[in-house]
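Work through these exercises with the structure open beside you. Try each task before reading its solution.

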Amino acid sequence: MNITTLIQNAKIVDGSGNPWWVGDVALDSGVISALTPCGQLDPANAAEVVDAGGKVVSPGFIDIQSHAIVPLMIDGRCLSKITQGVTTEIMGEGWTPAPFTETSKRPNPIGFSAFQVLADKIPGWNEKAQTWRRFSDWLNAMTDVGVSPNVGSFFGAGTLRQEIMGMAMRPPTDDELNAMRKLTAEAMEDGACGISYALIYPPDSYTTTDEVIEICKVVGQYNGVYITHMRSEADGIFEALEETFKIGRDANLPVEIYHLKASGRANWPKMPQVIEAIDAARASGLDVTADMYPYPAAGTGLTSVFPTWLAENGSLFDNLRDPEMVARLKQDVANPDGTWEAMANYNGPEGVMPIGFQKPENQQYVGKRLSEIAEMRGQTWVDATIDLLLSEQQRVSTVYHMMSEDNVRMQLQLPWIKVSTDAGGYDPAWAKDIGPVHPRSYGTYTRVLGRYVREENALTLEDAVRKMTSSVADRLGLRKRGLLREGMAADVIIFDPDTVTDNATFEDPHQLSTGVSDVWVNGQRVLAGGEHTGATPGQVVRPWQ
């Protein structure tokens, strides 16, 4: 037997949830060629022999909610993810840079997205993106340039709606709906994992339940998944769950809930009932599961403290300059009507921590709570937010301290929960220039393994790995990944269960994880002894292929 890489003396955690066992793993021609008890494979037949020294060998982790789209265009090594053991990035929450049609109503496929600040640092990609007529054009461009992890994606419904309707806050006409159906079918044919709706953000928030169902019927015809940032994760969480279940039932397709949480102190006690509702839906025959990140704080734009109608027709900043619109805004913020997530109202402005300021004059506010910023400026938090958004002319990345640590621990133990980052991949060497980010970019998987497995015994090592590997692969139909089995793709990692840990914090996020020593993607070593090799063997992954 010819062997490219022989990993010896491994504690094999194969991704299935089964108990670990001690053995050797052989990699050859990009696949796992053998798993045997120790000593049964001749090292003389191996081009490279790696002694795991009793450390864990497992499948590489699959991030079902990655925001690596733009970071990968800056740096294909995806360092902060690779050093956590992530070997596959599944992108597309609400937005993708492709397709970009001849009649697109998006002025720019990347620069006017939620990633505008990062996009400004990658000259040339905006022009290249305008040639991405098909969904697959973008994914193929990633691997043509070279990326370390495998890449796949859901089709972002925000992109879908903008392509056909721009930022119109109304139902589609019959012609527009048919055009969206056609574009969705093309994306599914190109290998999209399904359709992703982020229903608290415009333009997704402008869609009705019936519109989502009609699009999801197309997705279901291709065995795709409906994945959703629900319309509410707070006061309206039960209504949002019922909408989610209805979409899955009426469109007849599987459902995945992004970053399950109960936001706002008053909503923390609802999590047991949320779990009961999902369990009941599953018992009734609905294929619904969820994922989460292991932090009690969320991350999104500062714009999320305001109602979504502000962005109608792309007029967010114009509306913030209009006294009549501002008066209406203040009325809505003071008396939220339940049709939007009033993010600053759940834990107050003291729970809101803007971190993504770009202008030099606003750097003094980075990492301070919105209540502090307002006091520094002698303004109400609403007026301070308006002025800062107008100053920045971008959404301003923000951390929202809104969740319960007890709920995080409870959710991680659920059998139908997966682990995800809701984040991109960064290198501290350049990422510090863009300012702070949520620490989940650097420490999601290692935090689970270090804190919740080793320190708190909240779940077993085998179950934690399952939630990061085969559970995700099974949900997405990635038949060649997620398990250590002969013939499976050689996405393999080595980590020390006694030392693996996250080092990133909210105060100092740009710190790589430690404890993951070696990573192979498609049989090529991209991390050796904790150092990135520079290899970029990532492939496009498509469901059921």
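**Exercise 1. A glycine in a loop**

In which loop does glycine 338 lie? Then decide whether glycine 338 is buried or exposed.

Solution. This is a predicted model, where local features need pLDDT of at least 70, side-chain atom pairs count only at pLDDT 80 or more, and totals for chains, interfaces and linings use all residues. Residues are numbered from 1 along each chain as its sequence is written, and side-chain values use heavy atoms, with hydrogens and water left out.

Step 1. Find the loop between helix 12 (323–334) and helix 13 (343–346); glycine 338 lies there. Helices (H or I, at least four residues) and strands (E, at least two) are DSSP runs, numbered from the N terminus.

Step 2. Check the accessibility. Glycine 338 has 67% relative accessibility, so it counts as exposed. The cut-offs are under 20% relative accessible area for buried, over 50% for exposed, and partly exposed in between (1.4 Å probe, protein chains only).

Step 3. Compare with serine 148. Glycine 338 and serine 148 are 190 residues apart along the chain, and 43 Å separates their C-alpha atoms.

**Exercise 2. Helix 12 and helix 15**

How do the axes of helix 12 and helix 15 cross? Which residues meet?

Solution. Step 1. Take the axes. The axes of helix 12 and helix 15 (residues 381–392) come within 11 Å and cross at roughly 135°. Axes are lines fitted to C-alpha atoms, for helices over the stretch in contact, and angles run from 0 to 180 degrees between N-to-C directions.

Step 1. Name the arrangement. Helix 12 and helix 15 are therefore oblique to each other. Angles under 35 degrees count as roughly parallel, over 145 as roughly antiparallel, 65 to 115 as roughly perpendicular and the rest as oblique.

Step 2. Helix 12 passes helix 15 in a right-handed crossing. A crossing is right-handed if the near helix is turned clockwise from the far one by less than a right angle, and left-handed if anticlockwise.

Step 3. List the contact (heavy atoms within 4.5 Å). Helix 12 brings Val326, Leu329, Lys330 and Val333, and helix 15 brings Trp381, Val382, Asp383 and Ile386. These residues divide into six nonpolar, no polar and two charged. Ala, Val, Leu, Ile, Met, Phe, Trp, Tyr, Cys and Pro count as nonpolar, Asp, Glu, Lys and Arg as charged, and the others, Gly among them, as polar.

**Exercise 3. Two further helix pairs**

Describe the pair of helix 10 and helix 16, then the pair of helix 7 and helix 8.

Solution. Step 1. Helix 10 (residues 271–283) and helix 16 (residues 405–412) have axes that come within 11 Å and cross at roughly 25°. Helix 10 and helix 16 are therefore roughly parallel to each other. Their crossing is right-handed.

Step 1. Met271, Pro272 and Ile275 of helix 10 make the contact with Asn407, Met410 and Gln411 of helix 16. The count is four nonpolar, two polar and no charged.

Step 2. The axes of helix 7 (residues 174–189) and helix 8 (residues 209–221) come within 9 Å and cross at roughly 35°. This crossing is right-handed.

Step 3. Residues of helix 7 in the contact include Leu177 and Arg181; those of helix 8 include Glu211 and Val218. The whole contact divides into seven nonpolar, one polar and three charged.

**Exercise 4. Strands and sheets**

What is the strand order in the open sheet with parallel pairing? Which partners does strand 18 have?

Solution. Step 1. Strands of a sheet pair through backbone hydrogen bonds, either parallel or antiparallel. Two strands pair if DSSP finds at least two bridges between them.

Step 1. The parallel sheet has three strands in the order 6-7-8. Strand 6 (61–63) and strand 8 (150–153) are at the edges with a single partner strand each, so one side of each is left without a neighbour in the sheet. The twist averages 20° from one strand to the next.

Step 2. Strand 6 and strand 7 (residues 86–91) are joined by three bridges. Aspartate 63 stands opposite glutamate 89.

Step 3. Turn to strand 18 (residues 492–495). Strand 5 (residues 56–59) runs antiparallel to strand 18, joined by four bridges. Strand 19 (residues 516–521) also pairs with strand 18 in the antiparallel sense, over four bridges.

Step 4. Follow isoleucine 493. Its bridge partners are serine 58 and valine 519 in strand 19. Ile493 and Phe495 point one way from strand 18, Val492 and Ile494 the other way, and all are buried.
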